[in-house]
Amino acid sequence: MKTCKKILYLLICLLIFVLPVFSIEKGSVKYEDNLMDYSVLDGQKILKEADSFFEQYEATNDPKYLSTAMGKYYIVTKIYPVEIYPMVQLARTYDEKKLDRFAKEYFSICYDINKKDPYLNYYLGDFYYKRNDFKRALRYFKRAYENGYSDYYDLNLKIATIYEKFADLLTAKYYYKKAFSLNQSNTNLKDKALQIDSLNYYNSGYYKHSVRE
């Protein structure tokens, strides 16, 4: 009997302590909700740790850092359920893991909180940009641009790239020049604008194919 009790005790410990952590790191977002009092946790400390692990992942591309960041961001979203930043960061970890359904789920939650948030719109646009859905990416990029990110170098560069892909060279040139003004060390951008100037795009009809929203 004592042996059976020990085994039962070990199984209970496994269910309480091990499986919730495993489910957090693997992206399951339901199992542990009723087993943890998130209000007793230091959300800011955990968020800083999550950011640190995510930065290490970006520097090394080591998936162990990404999994740890994912678990910590998930916990922070439970502590601060209406804060957009940790929610977007969690979506980004799912994006990196190619778990599109989970990423879009969290982006959608953020959108319900504040659809104008520039941080949200930039990374939602980036989600679609990486999947070559450029029309949808442009929609969110422009929303980020209009709500505080107009002087964000990477955003201007990506918008310029999309307009060039859509053959709206006049608009592409505008954003290439804007990107260059924000980062003059990238002389390729200046060359890109000059190259567009040298094209006979008025005769080509490119200027007619604008996809501005």
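**Exercise 1. Find the partner of Lys-130 in a salt bridge with Asp-95, and work out which parts of the chain the pair joins**.

Step 1. In this predicted model, the side chains of Lys-130 and Asp-95 form a salt bridge, with 2.8 Å from N to O.

Step 2. Now place the two residues.

**Exercise 2. Which residue of the loop between α6 and α7 pairs with Asp-95 across 36 residues of sequence?**

Step 1. Look at the side chain of Arg-131: Arg-131 meets Asp-95 in a salt bridge of 2.7 Å, N to O.

Step 2. Asp-95 lies in helix α4 and Arg-131 in the loop between α6 and α7, so this pair links parts that are 36 residues apart in sequence.

Step 3. Widen the view. A network of salt bridges links Asp-95, Glu-96, Asp-100, Asp-126, Lys-130, Arg-131 and Lys-158.

**Exercise 3. How far apart are the closest N and O atoms of Arg-136 and Asp-133, and how many salt bridges does the structure hold?**

Step 1. The closest N and O atoms of Arg-136 and Asp-133 are 3.6 Å apart, and the two residues form a salt bridge.

Step 2. For the total, the structure holds 11 salt bridges.

**Exercise 4. Which residues touch the most other members of the largest nonpolar core?**

Step 1. Start with a general idea: in soluble globular proteins, nonpolar side chains tend to be buried together.

Step 2. The largest nonpolar core here has 55 residues, and Val-88, Phe-107, Phe-141 and Ile-159 touch the most other members. Helix α3 (residues 63–79) gives the most to this core, with nine residues.

Step 3. Zoom in on Phe-107. Leaving aside residues up to four places away in sequence, Phe-107 touches Val-88, Ala-91, Leu-120, Tyr-123, Leu-124 and Phe-127.

Terms used: Residues are numbered from 1 along each chain as its sequence is written. This is a predicted model: local features need pLDDT of at least 70, side-chain atom pairs count only at pLDDT 80 or more; totals for chains, interfaces and linings use all residues. Side-chain values use heavy atoms; hydrogens and water are left out. A nonpolar core is a set of buried Ala, Val, Leu, Ile, Met, Phe, Trp, Tyr and Cys residues joined through side-chain atoms within 4.5 Å. Buried means under 20% relative accessible area, exposed over 50%, partly exposed in between (1.4 Å probe, protein chains only). Helices (H or I, at least four residues) and strands (E, at least two) are DSSP runs, numbered from the N terminus. Contact means heavy atoms within 4.5 Å. A salt bridge is a side-chain nitrogen of Lys or Arg within 4 Å of a carboxyl oxygen of Asp or Glu.
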